[in-house]
Amino acid sequence: MIRFRSFAAAAAAVAALSLGARAQTTLKDAYHGFFRIGAAVNTRQCAGQDAAGAALVAAQFNTISPENDLKWERIHPQPDAYNFGPADQYVQFGEKNHMFIVGHNLVWHSQVPRWVFQDDQAKPLDRDALLKRMHDHIMTVVGRYKGRIGGWDVVNEALNEDGTPRRSPWLQIIGDDYIQKAFEYAHEADPQAELYYNDYNLENDAKLKGAVELVRKLKAAGAHITAVGLQGHDNLEWPTVAQQEAAILAFKALGVKVSISELDVDVLPAANRQPTADVSATAVAAANSNPYAAGLPDSVQQALAKRYAELFGVFLKYHDVMSRVTFWGVTDGDSWKNDLN
Ligand code: GLA
């Protein structure tokens, strides 16, 4: 029985099987002509400290996303201090390997320092001041990588599970149009860049309705939105094929592309896994919550391989609107599901 050591290896095998290609093919070659295949990379891979990881990424993938290095708290930790070093290395790594480089992300409620929403007396900013801060950040970060980063997650996770707008500090201070403004500023900073809305659980009906409404509004307001990223933090049962298809078709009908932007498939039994991709929820994961710490039983390994085949079957069916499928983490050992964020 073959034991796959990583998402990449498992999915490469799926690629080979579903396309009838030879087992030695790479992921990016197996899907050539259909969509790009990506990995979220970490600082150590881009800096060459994890040489095996970097080599695997270079061999298998033709697009990368930064796991953490372009998030606000990393790249802009203090009001007047940017930390471009790791992000520069990330972009250089992608260029060296001729990859499509994704920027993740510009406006999010998580992994953003508290000062962003406050003045120097720690009082909440008003609308104009926060818009100015958002504008400065986007112009600086997107501007720095203009023409090099090909597409940006402009706004991440702006919706609640019931499809209503998440009452983040962005929404509370700026108001409903903060998303539109973020898209406007990103387009101003790099008119050629693709711009995305990115979220999880959009395969659930209520949240999908909310996202469709959001994209419709953005388009009506003239926003340059290229695609919606379905994060794809999946498990062995969810989303069903019907749910996955419905989400893809809903955005296709609006004339935007779709990507699977953060794919991972959780194999833990339902009682042991997080019901959400909310990063704060990972903190409660306890060591004893993993029944497979000593290794994955073959039966589960087979179920995982089948599940990848099922999901990739859907992605291939809609390859005309699917721009990329990106795995979140290069190997299981890198995964945020192991609390490595
Ligand atoms: C969300 C974010 C990602 C990553 C994952 C898991 O999906 O978009 O940047 O943080 O959570 O960590």
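Colleague: Which residues of helix 4 are buried, and where do they fall around the axis?

Modeller: Keep in mind this is a predicted model. Helix 4 covers residues 51-60, and its buried residues are G53, A54, V57 and Q60. Looking down the axis, they fall within an arc of 150 degrees, so what they line is one face of the helix.

Colleague: And which exposed residues sit on the face turned away from that buried side?

Modeller: Helix 4 carries exposed residues on that face too. They are A51 and A52.

Colleague: On to the rings: is the pair of Y308 and F312 stacked, tilted or edge-to-face?

Modeller: Y308 and F312 are four residues apart in helix 12 (residues 298-317), so about one helical turn separates them. Y308 is buried at a relative accessible area of 0%, and F312 is buried too, at 1%. Their centres are 6.5 Å apart with 55 degrees between the planes, and that pair is tilted.

Colleague: How many residues apart in sequence are the parts that F312 and F327 tie together?

Modeller: The F312 and F327 rings have centres 6.1 Å apart and planes at 20 degrees, so they're stacked. F327 is buried at 1% relative accessibility. Since F312 lies in helix 12 and F327 in strand 9 (residues 322-327), the pair ties together parts whose separation in sequence is 15 residues.

Colleague: Which ring does the charged end of K207 sit over?

Modeller: There's R144, which lies over the face of F84 at 3.9 Å from the ring centre. For K207, the charged end is 3.8 Å from the centre of the ring of Y200.

How values were computed:
Residues are numbered from 1 along each chain as its sequence is written. This is a predicted model: local features need pLDDT of at least 70, side-chain atom pairs count only at pLDDT 80 or more; totals for chains, interfaces and linings use all residues. Side-chain values use heavy atoms; hydrogens and water are left out. Buried means under 20% relative accessible area, exposed over 50%, partly exposed in between (1.4 Å probe, protein chains only). Helices (H or I, at least four residues) and strands (E, at least two) are DSSP runs, numbered from the N terminus. The arc is that of the directions from the helix axis to the C-beta atoms. Rings of Phe, Tyr and Trp (its six-membered ring) pair if their centres lie within 6.5 Å; planes under 30 degrees apart count as stacked, over 60 as edge-to-face and the rest as tilted. A charge sits over a ring if NZ of Lys or CZ of Arg is within 6 Å of the ring centre and within 35 degrees of the ring normal.
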